[in-house]
Each structure stands twice: as structure tokens, then as C-alpha cells.
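Here is a walk through one protein model. Keep the sequence and the 3D view side by side as you read.

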Amino acid sequence: MNNNTNNEHLPDVSTAAANWLQFTKSLAETGSSIHARAAASNNPPDLTQVNESLLWALCSGLAALPHIDRNRPQWYPLINSAVRRYNVNADTVYSVAYLHGAGCYRIAGRRGSVFMVNLQLHSGDPGQEAPTALLIDINLDDCHIEADGSFEIIFSSKRPTNYSGNWFSLDPANDKLFILLRQIAYDWLNEIDAQLSILSLDPPVDEPHPNRQTIDTQMTEIAAYINGSTSAMMNVIDVQHSRSVSINAVQDVTTTLPTISDQAYTHGVIEIDDQTAWIAEFVIPTNSKYWSVQLMDSFYNALDYTYHQTSINGYTGRVDPDGKVRVIVCNTDPLVANWLDKGDYPRTMIRFRWFGTSHPAITTKTVPLAELNNHLPTSTARLTPAQRQQALRQRAMGLQMRRRW
């Protein structure tokens, strides 16, 4: 028997192995570069937090980059409760689809009952350090939706002939576009996420399979994606922390972040020990459609919000009878409804989001944890240990029923 009969159909193992070696080498070089920059910063983070962010960036890159085909788009996971990097909103599941401007694409699905569905068309690449350019910002509820909750949206360079439905234009000369999909929930346990598909209407769906060598080419982009997206995040951190603001205070940082239209951001750095509590007080603006607050570590990873109460929003947060919301941050559960669990992190970041309004006035202070009740109204909402456990179970259930992957 001739053992070489079918060799011409076998992959070049040595080339594939070399590509894999180069891939792993590029990951190591990228990680070393990011670690060096983090360690040299004015406020270096716990470098384990850097590793967490890098691993999550790798997960996002692996999920999408080896398989991107702008003629056969699909929704890839970006950040969510399983990938808690880059200032992820605890209420939001983020996905991304890649397009080119000369294509014609149809997004179709069912609205569901999730609080908000937002689609943004960007020019650029979510894995590059340079900021992307926001081209179109769409609240799905501003589009035509059928009585049964179904909808469709067309993206193309020209409106299709005789088409009067939801349509948004693409620049046919732009080969690097992506749609960022945000699904924002208030009541995690009961709201149902929207279902969305995306298809190109140009080439036949059953075109030949992509060249298998493409995976080797696109695999080399993963390290660049990790480096670019992490560097972009670190740039934002540097800008925010270059402003003159005291530790344990907060500031408006809306202009430093890519955002949904009409959304404002408040940011602060909290440094307290385990015998201290941090208190924020504010009045919800009357025109606010959505608000939330959550904790992050010092490298912008959201603290685990599936099994720990590290975030609250306008649905779960309690307003005191005097009209103020009081948020408590500390390590030990004081059984106050609006408690945020900082765990054993000596340094955390706090992020408020406001939709439909600007950043409101917020007062902050630190107090001895043993004296916390002396700084709260007696009418402030409190929980029993059993009620806290029930609330935590509902968090975990609600998040696990959302689409993440």
C-alpha cells in the first residue's frame, strides 16, 4: 500500500503547530506588556485582577475572532456576568456582530420584556485601543414593533425598494463596522430577554465553507484584541483618575466613556477597612428612566454580582421615606437593604449609571461600621438574614436565565 496516497489532502501539521506556538507566544508578550503598564501606574491594581481581566478578554476573543465572517454575521458574547471586565453593567448582557458597509443585513426577532434593548452601529473594532466612532444609536422601542412583539430592522447602503420598515444606512466604503447590542434588565428574575437574529441578505446562505486556513490567520488577531481592548480600558482609567477628586468621593465621568444616548456616569474610588462603612446619599432625579450602582475592583472588573449583592438598581434599590436613597458599602452585611458587598477588597471603584438624566448631587461619608445605624434613619429599609438569602438566590436565578453565551 502506498502510504503517501492521501498526503496531499492532509493539513501541514508543522505549519499549524508553528502558528499555535506563535499564538501562545503572542499571548505571553501581550500579558507581560499589560502587567508592566499596570504595575507602573500611579495606583497599581492587585495584579491578580489584571489576570482576571486578561483571561476574560481571551474568552471574548476566542468566542468570536477565529470565526468572524462579515458575510455570515452572528451575535458573539462580549461582556456579561460570566465575563466581568471593562466596567460591565451588572444589569446588561452585551453582544457584538461584525458587518461591512457594502452588505445588506436583516435583524429580526422578538422584543421580550427586558427593560431596554439598545443597538449601536460603530465604525472601528472593539478590540483596538483607538476609540471607535458611534454612527447610529437605536433604542429598539423607538422602532416599529408588531403587536405580537416581532420586529425586523434592515441595515444597508440603500433602502430596499418599496421597503417602509425599520431601516438604517451603512457606508459602503467602510469595511470595519460592528453592532453592539445591549440588553438591560431591571427585574432580573421576571423580565425576558429579547431574541435577535442577524443575517446577510446578499450572498447565498449556503456558500462554500470558509477556508480552514482562515482560523490560523484570525487566531493571530486574538492577542492584538486583548492588548487593544485592555489598553483602551486602561486609558479610560487613567483619564478618570487624573481628575482631582478625593478618595471616597464621587465625580461625573460621563464624557470619558462610550455611552448610550442620554446616559450619564458617576464614578468614585473607595478605600475603607473592614471596620468602616461608606455611605452615599442622593435623590433620584424625577426624569430618570433608569439608575443603577455597582462595585468594581481597581482594574475595572465588576465584582461578582451573581452570588453577591455588589449592585442594585431602580427596581431593587429602596428609597427612604424622606425621599433619599442611601447606599452602604462595607465588608460585613449590616442587613440594610441597599448594602453593596465589597468583600475583602481594600480598594474598590463604584459606578452609578443614570439614563434620561444627568449626574445628580451625591453626598458621601465614611463612618465606623459599629456606628452605622447612628447615621441612618430608623426607617431605612432593612432585611432579616433569611430575606437576604432569598434575595441572593433570586439574583443568581435571574442572571442564569439570561443569555450569556
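Start at the second largest pocket. Its lining has 21 residues, and Gln309, Tyr315, Thr316, Ala391 and Gln394 lie nearest its centre. A pocket here is an open set of points on a 1 Å grid over the protein atoms alone, where a 1.4 Å probe fits, with protein on both sides within 12 Å along at least five of seven lines; lining residues have an atom within 4 Å of a point. This is a predicted model: local features need pLDDT of at least 70, side-chain atom pairs count only at pLDDT 80 or more, and totals for chains, interfaces and linings use all residues. Residues are numbered from 1 along each chain as its sequence is written, and side-chain values use heavy atoms, with hydrogens and water left out.

The second largest pocket holds about 480 Å³ of space. Strand S14 (311–313) and helix H5 (385–400) each supply at least two residues of its lining. H5 gives the largest share, six residues. By type, the lining divides into eight nonpolar, nine polar and four charged residues.

Now turn to the aromatic rings. The structure holds twelve aromatic pairs. Rings of Phe, Tyr and Trp (its six-membered ring) pair if their centres lie within 6.5 Å; planes under 30 degrees apart count as stacked, over 60 as edge-to-face and the rest as tilted. Phe282 and Trp354 have ring centres 5.3 Å apart and planes at 85°, so they pair edge-to-face. Phe282 lies in strand S12 (residues 276–282) and Trp354 in strand S17 (residues 347–355), so this pair ties together parts 72 residues apart in sequence. Phe282 counts as buried because its relative accessibility is 2%; buried means under 20% relative accessible area with a 1.4 Å probe, protein chains only. Trp354, at 0%, is buried as well. Phe352 and Trp354 are stacked, because their ring centres are 5.8 Å apart and their planes at 5°. Phe282, Trp291, Phe352 and Trp354 form one aromatic cluster.

Which residues have the most contacts inside the largest nonpolar core? They are Trp75, Ile107, Leu119, Phe155 and Ile179, in a core of 66 residues. Such a core is a set of buried Ala, Val, Leu, Ile, Met, Phe, Trp, Tyr and Cys residues joined through side-chain atoms within 4.5 Å. Helix H4 (residues 221–242) gives the most to this core, with seven residues. Apart from it lies another core, of 26 residues, among them Met116, Ile184, Leu295 and Val325.

Technical notes
Helices (H or I, at least four residues) and strands (E, at least two) are DSSP runs, numbered from the N terminus. Buried means under 20% relative accessible area, exposed over 50%, partly exposed in between (1.4 Å probe, protein chains only). Grid points are joined across faces, edges and corners, and a volume is the space filled by probe spheres set on the points. Ala, Val, Leu, Ile, Met, Phe, Trp, Tyr, Cys and Pro count as nonpolar, Asp, Glu, Lys and Arg as charged, and the others, Gly among them, as polar.
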